[in-house]
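Please consult the sequence and the structure shown here while reading.

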Amino acid sequence: MFFNSSGFLLFFLAVLAFYYLPFSWRQKKVMLLVASYIFYGLWNPPLVLLLLASTVVDWIAGNQLYRIKDDRNRKWWIFLSLAVNLGFLGFFKYGEFLMENFTWLVNQVGWDYQAPAWDIILPMGISFYTFQTLSYSLDLYYRKIQPARTFLDFALYVTFFPQLVAGPIVRSEELVGQFYEPKRATWNQFSWGIFLLTLGLFEKTVLADSLLASTAEKVFNTGSGMLPLDAWTGVLAFSGQIFFDFAGYSLCAIGIAHTLGMELPLNFRFPYAATGFSDFWRRWHITLSTWLRDYLYIPLGGNRSGLVRTYINLMLTMLLGGLWHGAAWTFIVWGGLHGLYLSVERFMRSRKLLLRESILTALGTFFFVNITWVFFRAEDFKSAGDMLKSMFFLAENGKAVLETSYLLVVWIVIALLFAGHWIFRHSNLETIASKVPWWVLGGIWGFMLFATLISQASGAQFIYFQF
């Protein structure tokens, strides 16, 4: 079930109606848990069992990690949690990728082997809820938290429907405790939640799908031989599309949680105004970047063992971050480029060669980030290579593939996006909204509602659902 569907509107209204009826808090939590399983199961019912299995294993393992004092025995329980969660993720998400690469490798050494067709469905959002449950087990292993009080609280933490399939990736200390006491949204909290939901749907259906997606698709499907202007326009269209799509989902999730009286962490903070690549990752997909930092980069040694080891740790972290996004070498290259950027930036900082923060450094960061989006969006390396050739005047007989109207729409939208991010880079949406007169904010809200409703037919699956 997608947020940008009429079916979800009916589902959401039903959840709100039951939530605000005079039931006990436990009954409301049971209703939210059942609703979350329905939300996920409507996409593919049998895969609810996979989600339930992961929940049960981590609940048992977590309690044992908290109860047992002997470190040797505790390692067996963290191993169980890691094995089950990463095993599910590895089989469903990376099984085909591993099989394809194994087949290629053995064919290179003369073994004529053809792998059977892989027809396993990728469970929606498996990367998100896997990282979420792993953070719970790992935090208990390192004795940073206490286990959830009840299985109901933990199961609701794992499956909470607003952020179940595409984040934010929530730590247990950020959400589980909110289930212990009855929650009821204040009027301001509820109305702000509906506003965020409206804004998120507007970003997804109007900006991402209606204004940008078709241009990105046309350019990336053209292949080689485009004019540089057309190639850059397609890349910028995808840059805007993926931001509005993913940030839109995060706003929807945060807004829905607000209407229930709950809080979810911020996932984006005007990332295209970043004045460097470490700054970019403090602003883009914040809950993933902090997860990678806390559970991968720091355990690898972080920056505690000299510059060379720091570069290696950065590269390993970002390579695995790229692989988390998708089972393809193009995603690994995408992550590797970000690892390279971060390493070069750290080297320059160590030599005091970095430029001061300015709009020029923001534009430079945005330029290099857009190069990485080529590998994120391209189907394979040939497509990525053809796109880069067109972008940098290396394609022969380049031709125009976009009409003037497409060019104008993309460049205007991206210019406004970048300008908005730069102007508000030190602020947040709530602060910005508080400074706008109520009648102006109401007009903006009404416009977004109207534009979203008339654009509903163009709505499509959120990009990050496939991860």
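Q: Which side chain meets that of aspartate 279 in a salt bridge?
A: This is a predicted model, in which local features need pLDDT of at least 70 and side-chain atom pairs count only at pLDDT 80 or more, while totals for chains, interfaces and linings use all residues. Residues are numbered from 1 along each chain as its sequence is written, and side-chain values use heavy atoms, with hydrogens and water left out. A salt bridge is a side-chain nitrogen of Lys or Arg within 4 Å of a carboxyl oxygen of Asp or Glu. At 3.5 Å, N to O, the partner of aspartate 279 is arginine 425.

Q: Which residues are linked with Asp279 and Arg425 in a network of salt bridges?
A: Both arginine 425 and aspartate 279 are buried, that is, under 20% relative accessible area with a 1.4 Å probe and protein chains only (exposed is over 50%, partly exposed in between). Joined to Asp279 and Arg425 in the network are Arg282, Arg283 and Glu357.

Q: How far apart are the closest N and O atoms of aspartate 245 and lysine 204?
A: Aspartate 245 counts as buried at 1% relative accessibility, and lysine 204 likewise counts as buried at 1%. These two residues form a salt bridge, and the separation of their closest N and O atoms is 2.6 Å.

Q: Is arginine 293 buried or partly exposed?
A: Arginine 293 forms a salt bridge with aspartate 294, with the closest N and O atoms 2.8 Å apart. Because its relative accessibility is 41%, arginine 293 counts as partly exposed.
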